[in-house]
Amino acid sequence: MASTDESISQSEVVTSPEEEHPVKAFGWAARDNSGNLSPFNFSRRSTGEEDVRFEVLYCGICHTDLHNIKNEWGISTYPLVPGHEIVGSVTEVGSKVEKFKVGDRVGVGCMVGACHSCSDCSNDLENYCPKYILTYGSLYHDGTVTYGGYSDTMVAGERYVVRIPENMPLDKGAPLLCAGITVYSPLKYYGLGEPGMHIGVVGLGGLGHVAVKFAKAFGCKVTVISTSPAKKEDAIEHLGADMFLVSQDEQEMQAVMGTMDGIIDTVSAVHPLPPLIGLLKSHGKLIMVGAPDRPLQLPVFPLLAGRKIVGGSTIGGMKETQEMIDFAAEHNVTPDIEVIPMDYVNTAIQRLARGDVRYRFVIDVGNTLAHTKP
């Protein structure tokens with residue numbers, strides 16, 4: 001009879017990430033909240049009858065990855081393979097898959113599952129399903145942990161795979177699967193994508209710069225609102241914004257009070273809302289897509305006076321995500337990226353933490369991951 005220690009050891013071997021599923025996989029993972037990632041062998045499930053498997057070629061680095069790697073939201077489990085802006089080429093499809101074939105250009109964004117029976121799922125809003133499953137760091141239907149796109153292979157149900165249009169470069173398409181849909185969805189849902197509308201974008205980072213591009217593609221007048229005067233030239237000359245406001249400059253802010261139909265607020269730090277509400281016309285909408293880690297103060301009287309709305313939004317359903325990337329390809333909406341090799345990821349994470357990127361890191365997984373195997 002085996003000793004208790006031997007029994008535990010055997011159990012750990014059987015359920016280790018590398019032995020959990022039949023398909024071997026390799027990526028980079030965080031083992032703790034230090035912020036460092038390192039090479040990691042694990043496994044993925046075999047291709048089910050409704051699954052699409054693809055070789056990962058590129059994966060964007062989202063600020064959410066930084067939060068999760070360091071467990072800043074208190075929900076991380078380790079080992080953790082980040083990445084939910086994943087694109088690549090299909091290598092295998094299940095017998096019931098209808099929309100994809102081997103060789104297709106595809107992507108997976110922030111989620112890989114939901115209940116498929118609630119009202120949100122029935123209305124193509126899987127992202128609001130109470131039981132939605134995140135691409136990494138969640139428990140899948142089979143009870144195993146999901147792993148993200150800092151890896152060589154990915155498998156997902158057909159419903160959660162999007163087709164990347166032929167005229168969309170794969171490296172530039174990757175960040176659209178999170179940053180793109182995060183700003184596209186509220187512009188559409190809240191009716192802020194109509195030609196001639198005046199739209200404000202708060203924060204000019206990974207989300208904000210894509211919001212500017214989508215709003216301009218919709219035919220809107222766009223004003224960037226930032227704490228950094230140094231971003232003015234980039235906002236106007238490069239990204240095509242019509243105006244730029246320094247949020248701490250009271251004279252600049254006062255000059256455009258009551259002129260905006262809507263504002264997309266991408267800032268994740270704690271910041272005052274009253275000055276932004278003041279920029280809105282009557283019936284205007286301030287939509288939050290950033291996630292500050294502490295509550296913001298929201299005075300009610302400015303909302304009452306102009307029948308204004310403060311709302312929120314998070315990514316989008318799968319139907320809308322496909323719609324978004326098709327629109328982006330048609331209107332040449334692409335994020336500004338810095339492509340990096342896999343072994344640069346820890347430096348990139350450090351740079352992202354201090355805002356040193358214009359405007360999104362994308363890992364060249366296909367060409368550089370294999371070289372990092374021990």
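This is a predicted model: local features need pLDDT of at least 70, side-chain atom pairs count only at pLDDT 80 or more; totals for chains, interfaces and linings use all residues.

Reader: Which residues of α11 are buried?

Author: The buried residues of α11 are Met318, Glu320, Thr321, Gln322, Met324, Ile325, Phe327, Ala328 and Ala329. Buried means under 20% relative accessible area, exposed means over 50%, and partly exposed lies in between, with a 1.4 Å probe and protein chains only. Helices (H or I, at least four residues) and strands (E, at least two) are DSSP runs numbered from the N terminus.

Reader: What do the buried residues of α11 pack against?

Author: They pack against β6 (111–113), β9 (162–163), α4 (170–173), α5 (179–189) and α6 (206–217). Contact here means heavy atoms within 4.5 Å.

Reader: How far does α11 reach from its first C-alpha to its last?

Author: Helix α11 covers residues 318–330, which is 13 residues, and reaches 18 Å, close to the 18 Å expected at 1.5 Å a residue. The expected span is 1.5 Å times one less than the number of residues in the helix. Just after α11, Asn332 takes a positive phi of about 55°.

Reader: Which other residues have a positive phi?

Author: His283 is one of them, with a positive phi of about 70° although it is not a glycine. His283 lies in strand β14 (residues 280–288), and it counts as partly exposed because its relative accessibility is 46%. Arg307 also has a positive phi, near 45°; Arg307 sits in the loop between α10 and β15 (309–312) and is exposed, with a relative accessible area of 62%. Most residues other than glycine have a negative phi, and most peptide bonds are trans.

Reader: Which residues is Ala30 in contact with?

Author: Leaving aside neighbours within four places in sequence, Ala30 is in contact with Asn36, Leu37, Ile69, Tyr78, Pro79 and Leu80. Ala30 belongs to strand β1 (residues 23–30) and counts as buried because its relative accessibility is 0%.

Reader: New topic: how many salt bridges does the structure hold?

Author: There are 16 salt bridges. A salt bridge is a side-chain nitrogen of Lys or Arg within 4 Å of a carboxyl oxygen of Asp or Glu. In one of them, the side chains of Glu92 and Arg53 meet at 3.7 Å, N to O. Glu92 lies in strand β4 and Arg53 in strand β3, so this pair ties together parts that are 39 residues apart in sequence.

Reader: Is Arg53 buried or exposed?

Author: Arg53 counts as buried because its relative accessibility is 6%, while Glu92 counts as partly exposed at 37%. Another salt bridge joins the side chains of Asp104 and Lys101 (3.0 Å, N to O); Asp104 counts as buried at 8% relative accessibility, and Lys101 counts as exposed at 54%.

Reader: Which residues are linked in a network of salt bridges?

Author: Glu338, Arg351, Arg354 and Asp356 form such a network.

Reader: Finally, what about the whole protein chain?

Author: The protein chain has 13 helices and 17 strands. Buried residues make up 53% of its 374 residues. Along its principal axes, the C-alpha trace spans about 80 × 45 × 40 Å.

Conventions:
Residues are numbered from 1 along each chain as its sequence is written. Side-chain values use heavy atoms; hydrogens and water are left out.
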